[in-house]
Amino acid sequence: MINDLWYKNAIIYCVSVGTFMDANGDGIGDFKGLMRRLDYLQGLGVTAVWLMPFQPSPHKDDGYDVADYYGVDSRYGDLGDFVEFTHGCEQRGMRVLIDLVVNHTSNQHPWFKEARHYPNSKYRDWYVWSKKKPKSANTGVVFPGVQKSTWSYDDVARAYYFHRFYDFQPDLNTANPDVQAEILKIMGFWLQLGVSGFRMDAVPFVISQKGAKVRNPVEDYDMLRTFSQFLTWREGEAIILAEANVLPDTDMKYFGTAGERLQMMFNFEVNQHLFYAMASSDSRTLIKAMQATKRRPLTAQWGQFLRNHDELDLGRLEKQQRQTVFSAFGPEPDMQLYQRGIRRRLAPMLQGDRRRLELAYSLMLTLPGTPVIRYGDEIGMGDDLSLPERNCARTPMQWSTEPNGGFTKSDKPVSPVIHDGAYGYPHVNVADQRRDPNSLLNWMERMIRMRKEVPEIGWGDFSFLTTRRPEVLAMQYCWRNNAVLFLHNLGSEPREVHFQLNEAAEKGCALVNLLSNDHSQPERNDKHGVVLEPYGYRWYRVCGLDYLLKRSAS
Ligand code: GLC
Ligand code: CA
């Protein structure tokens, strides 16, 4: 069977070009700057870069309000720079995924401008209109507290238009075949310029029926197959990584039972329960979340992440669970957002505690799927809560102790660089951590390197081991006659666990520690006993290091 689908075991790194590195000194990160940091990303072990929206945009939602799908915002460079960038990535063996934001456009997009001015324009039907204010206008907002409605009146069109997100983001009428054809054209364009796929924004809304009269919107899942077929016809290895925060029982609808729809989805279910598990020192609901999302076609993969550019959405947890996560990781009202989430970066959520950061990353790297890292989290960057909404966690990358953290020579960076406090760039930056063998950055690089040598995680079948300690997560992956085992102590107390390996053939096997010298020999009853430090973790190979000689071909 195939084992070389690149995304099944990738290391994806999410970067926003505007806040990574400013080469021309105007205060805004750009492609030329990003290109100079490709060696850094390669050194870290990244195998794919997910680029956040960089197309021309009024930037009222950090570029998620696109005004031209076929260009590069002049603040970041031009199409030539983009191609230099994809080429630079290719040379270093890194793939490029870009955001595909086609649920809506900016209200400054020429399509929308024409649609509102000319009722007979073909673009009129590219958006979703209603003469009268729909009854549902005040429901279904995505940003409660900031966004008031999903229908707004347009003076020029003399009609209401639908917007799932902010009012400057009119929804595209994705049921219109012309709109669908345009989406394919957009994908084809960027594929030709060297990308390997798309992080598709807001997928459930893209495929949902839209309109004033729609009471119970139905999803058009077949649209996903259309997208995916087109992609693979044009470029066999291209994928869609979907942002779809949906319930586990619809996962297979998104993947397609035979894998004919989306190749990847972010695992929001596991993400929320992972934070609950860390907040409550209890692995049980995380195990449930992994079991609930276990089923997927062989060719499909989960994207496992800790934090991203949005708030940590806890909307799917029970009220009590959400409260537990809030109290542990975001107790102040100002740290919370949209009545459902936490807007902080990972490091401050975990109080900068190195043990907890390592535990969190070790989990992310070993959960079933492909890890997705947010830029800056590899050095433990903090947030700036004085910035509005999600902007607090979108501050520039901290490269060095030079002014503005080495991000720009300008004294007016596009977003303030974090300067003060424990997370300020004088304390948290790449240059210092590069020199320190014990830094988080160097730890991460070593972990990524090891993760790449454990393809069992991406391909294998996982099962849990019984330890009778809910604070300890013990899981094992098996693939091609090889097995690996991971222990994570979610609690703040040391824990001793005793467990038996799952397979009969593994009785009497030693566990070889992949990260340090303390291996585990089975006791007389074939059980292993391991003492885990507070927030401790272990990566083991089952049965010794000659495993590669035992690996079977299928
Ligand atoms: C997605 C993005 C978010 C954006 C929204 C509207 O949820 O992750 O950042 O605001 O879509 O495009
Ligand atoms: Ca610049």
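How far does a polar side-chain atom of Arg 199 lie from an oxygen atom of ligand 1? The distance is 3.0 Å. A polar contact here is a pair of N or O atoms within 3.5 Å; within protein, one must be able to donate a hydrogen and the other to accept it, and residues adjacent in sequence count only if both atoms are side-chain atoms.

Before more of that, the ground rules. This is a predicted model, where local features need pLDDT of at least 70 and side-chain atom pairs count only at pLDDT 80 or more, while totals for chains, interfaces and linings use all residues. Residues are numbered from 1 along each chain as its sequence is written, chains are lettered from A and ligands numbered from 1 in the order in which they are written, and side-chain values use heavy atoms, with hydrogens and water left out.

Back to the ligand. Glu 243 has a polar side-chain atom 2.8 Å from an oxygen atom of ligand 1, and for His 309 the corresponding distance is 2.9 Å. Taken alone, ligand 1 exposes 310 Å², and the protein buries 96% of that; areas come from the Shrake-Rupley method with a 1.4 Å probe, and for residues only the protein chains shown count as cover.

Residues around ligand 1, meaning those with a heavy atom within 4 Å of it, include Asp 61, Tyr 64, His 104 and Arg 394. How does this shell divide? Three are nonpolar, two polar and seven charged. Ala, Val, Leu, Ile, Met, Phe, Trp, Tyr, Cys and Pro count as nonpolar, Asp, Glu, Lys and Arg as charged, and the others, Gly among them, as polar.

Now the sheets. Strands of a sheet pair through backbone hydrogen bonds, either parallel or antiparallel. Strands are DSSP runs (E, at least two residues), numbered from the N terminus, and two of them pair if DSSP finds at least two bridges between them.

One open sheet has three strands in the order E4-E6-E5, with antiparallel pairing. Its edge strands, E4 (129-130) and E5 (151-154), each pair on one side only. Four bridges join E5 to E6 (residues 159-162), and Tyr 153 has Tyr 160 in E6 as its bridge partner.

The other sheet is also open and antiparallel, in the order E11-E13-E12. Leu 337 stands opposite Gly 341 in E13.
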